[in-house]
Amino acid sequence: MSLPIPPILSYALRRLFQAVPVIILIMIGTFLLLKLAPGDTVDALVGDMGGADAAFIERLRAEYGLDQSVWVQLWRYMAKLAMFDFGWSFVYEQPVSRILLDRLGTTLLLMATSLSMAFTIGIVLGAIAARRAYSLTDNLISTLGLIFYATPSFFLSLMMILLFSVKLGWLPVGGIKTITGFYTGWDHVADVARHLIMPTAALSLIYLSFYLRLMRASVLEVAELDYVRTARAKGAGETRLMVHHIMRNALLPVVTLLGLQFSTVLGGSVVVETIFTLPGLGQLAYQSVIQRDMNTLMGIIFLCSIIVVVVNFLTDLLYARLDSRIQLK
Amino acid sequence: MTEAAPTPALKIENLRIALPKGSDRPFALDGLSLEVKRGEVVCLVGESGSGKSLTAGAIMRLLPEPHVHVAGGAIFVQGEDILAKSDKEMKAMRGERVSMIFQEPMTALNPQKTVGWQIDEVLRLHTDLSRAGRKARVIEMLERVHIPDPASAYHAYPHQVSGGQRQRVMIAMALCLSPGLIIADEPTTALDVTTQLQILKLIRELQEQEGAGVLFITHDFGVVAQIADHVVVLKQGEMVESGPASQVLNAPQHPYTQALIASVPSLTPPPAKCFDAAPVVLKGTGLTKTFAARGGLFSGRRKSVTAVDNLTFELRRGETLGVVGESGSGKTTVSRIVTRLLEADSGAVELDGTDLLACSPREMRAMRKHIQMVFQDPMASLNPRKRVVDLIAQGPIVHGENRKKARAQARELLELVELSPAAANRFPHEFSGGQRQRIGIARALALRPKVIVADEPVSALDVSVQAQVLRLLADLRDQMNLSLLFVTHDLRVAAQLCDRIIVMQHGEIVEAGETAAIFADPQHEYTRNLLSSIPGRDWTPPKSATNAA
């Protein structure tokens, strides 16, 4: 039994165990909350059909299992979920898992590009602002950061569409690719990239300003610490100080924020995907709420919980990698 | 640059360092001249604010310019005028010709880089050695500073080695390229007394091997007596005295030096008083506290640490009991358990016969007025947003005293601790460290306690202020017939104030008894080691009748 398990693996396993009750609680909570909302799938379907008689509605409800009590429905749902069966979407007329898989790629792509852009540009600008603290450059960067921070992403999205698509005609208004293009290979990549420019900018600018401000404060703080003075006393130059002694220590709080914010970025993607009509989870979530497509909505929430748990786990790994004082146990 | 006599390692002429406008004085340092010969240790001594550390900053050209800058004079490091050097030339000098050892080895080392990497950096910056050559040199340096197992220490991070070893790493770093001048800025202040002695010896040993000049900055005359060849005394930026160590230590000329040296507590305790007839006020029996580092729901338990193990003591009315030991010995845990700021695992603390550990929270609130605490850091332990009068009156008001009366009493207490009554309406930050500690004492006295537990109350203070606060504590104790439980790491302080001491190691009492008896004839190996490590123990400060306690 005493096989040497690498600490990282045992840590990962333990984190997985910890995540299970969290996700179960999220699912139960969401299920009950959604049941509290007025109306269900049948109401939405009947509404779309322009009305139906009471007997038909009753039959439909019985068929979908909606005539049972909330607790029975919850139990059935959770039991199926335990087997990774997300159920059937009565709106899209296909298994929820297939819809989710179709949409997941777009959302992950949008989030990955947005977050990496926000993080990279944010820390670079933050470090520059801190090294030239209280100069014109710093003021300019900090003011820009403040403006981005204060601008809601929907407003930014609409203004960008107005400028770059409607007035200048440089970028596509929405979607993930040109439907009539049938591009392949690098042309396809370039086409998707063109479609992603505005959504990525809209989603990342707010977070960019978070990272910028935190990084600036963090660099200023670390630059004053004793070990930076020690390095100076050893004869290290400013570039060396920045690269070897300041940046890595200053990054730690920013990395923490990166993990914490992932879920809010996921939330933000609902707005951005809807505006830019990107076929991702965010847009799907919005439509599922409107159409009372409970199974799809629950599936999205389940998937998002897992993504957040995984990302937080990865953040912790990154943190342990960056900070030698932290050991995974 | 060619001089007939051998070039001194450091020569400072009439150095003047300007402070920003609006500071308490225009110059942090005004007209300092000194010389450090090769193979010589010069101690720069002064209290906080005397400008000692800024002198080091000026020599390294690392002052926080332009706010604080050299406004006049000259600094020659091995004959070279460093004020005339370009930034690039200066960078080449730092680490190679002049190096520095800092006070706090924990914060002075980068937590994210291994010990080996950080020493290696000096070699990378100043030499063309190959990677293997550098590594060999680093390991050789670690050996020279007597670090056990240098090869594995090379790969250790700073947090993985002890405080003393970290300071050895700093020293290895500073001596790596055999610089002609080493500046040591309070290098042993943060260390325990036994480690301190080892580090002082190490600095001496390596300096003799290398023949370097050492500028040793300190506030501690014991350390001066231990290591100095020559002493320079600074007071508020002005040099008041300079001379060979034996002369300055034993026959100080300037009144300020005389006062400073007179403030150094003597190692000879006053004759023991007899407390056998006095009633026992505070009694601890079988106190035990184990810190179990608990993990989360699914994470394993970590190793637990027994901070206090089956501790038993008695404190009589009017008596002072010292709790001494090195860091990690459990002294502070004892003070926290006795005041029930920390729950003990087992044992009893009887205050006038009532077991405090068995009291309900409500009963404990009532009992608190009989046992009060004075903390180490007077700045951190006073609420910065409250006026002094409210800070002192707060206790009595909580215990049901009328507001007006409590405030009037607070003003009286300020007089008792020798502060002007005008201090009542000011805020803590407007006072000096010593004055703040007086406020802390007045706050503790406001409830007229029977017992005061003082946790390192003078270790953050300058020596002259420390002497005043100790005298005040002794006077108040005698006037009010108070019992004092006095936690300290400083054996000189313990010798002066405590009637009896208990010596702690790893949470256990290794020796207990009358202070005079223990100092004269320590029984336990650990106590003997502690006492023989006191810096400058062979030097008896010359003093007049004004004793510290």
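User: In chain B, how far apart do the C-alpha centres of domain 1 and domain 2 lie?
Analyst: In this predicted model, the C-alpha centres of domain 1 of chain B and domain 2 of chain B lie 35 Å apart. Chain B is divided into domain 1 (10–263) and domain 2 (280–533), with bounds that come from an automatic or database domain assignment.

User: How many residues does the contact take from each of those two domains?
Analyst: Domain 1 of chain B gives twelve residues and domain 2 of chain B gives 13 residues, where two residues are in contact if their C-beta atoms, placed from the backbone, lie within 7 Å.

User: Which elements supply the domain 1 side?
Analyst: On the side of domain 1 of chain B that touches domain 2 of chain B, α7 (193–210) and α10 (255–263) of chain B each supply at least two residues, and the largest share, four residues, comes from α7(B). Helices (H or I, at least four residues) and strands (E, at least two) are DSSP runs, numbered from the N terminus.

User: And how do the residues of that side divide?
Analyst: They divide into four nonpolar, six polar and two charged; Ala, Val, Leu, Ile, Met, Phe, Trp, Tyr, Cys and Pro count as nonpolar, Asp, Glu, Lys and Arg as charged, and the others, Gly among them, as polar.

User: Before I go on, how are residues and chains labelled, and what pLDDT do local features need?
Analyst: Residues are numbered from 1 along each chain as its sequence is written, while chains are lettered from A and ligands numbered from 1 in the order in which they are written. Because this is a predicted model, local features need pLDDT of at least 70 and side-chain atom pairs count only at pLDDT 80 or more, whereas totals for chains, interfaces and linings use all residues.

User: Now chain A: what domains does the assignment give there?
Analyst: The assignment for chain A gives domain 1 (24–85) and domain 2 (102–322), and their C-alpha centres lie 36 Å apart. Eleven residues of domain 1 of chain A are in contact with nine residues of domain 2 of chain A.

User: Which element gives the most on the domain 1 side of chain A?
Analyst: That is α1(A), with five residues; the elements giving two or more residues to this side are α1 (7–36) and α2 (41–49) of chain A. The residues of the side divide into six nonpolar, three polar and two charged.

User: What about the contact between the chains, how many residues come from each?
Analyst: The contact takes 28 residues from chain B and 21 residues from chain A. On the chain B side, α2 (87–93), β6 (98–101) and α3 (115–126) of chain B give two or more residues, with the largest share, four residues, coming from α3(B). That side divides into 14 nonpolar, nine polar and five charged residues.

User: Switching topic, at what angle do α13(B) and α15(B) pack?
Analyst: Helix α13 (residues 388–398) and helix α15 (residues 433–445) of chain B pack at an angle of about 30°, with their axes 7 Å apart; axes are lines fitted to C-alpha atoms, for helices over the stretch in contact, and angles run from 0 to 180 degrees between N-to-C directions. That makes α13(B) roughly parallel to α15(B), a term for angles under 35 degrees.

User: Which residues meet there?
Analyst: Val388(B), Leu391(B), Ile392(B) and Gly395(B) in α13(B) meet Ile439(B), Ala442(B) and Arg443(B) in α15(B), and the residues of this contact divide into five nonpolar, one polar and one charged.

Notes: Parallel < 35°, antiparallel > 145°, perpendicular 65-115°, else oblique.
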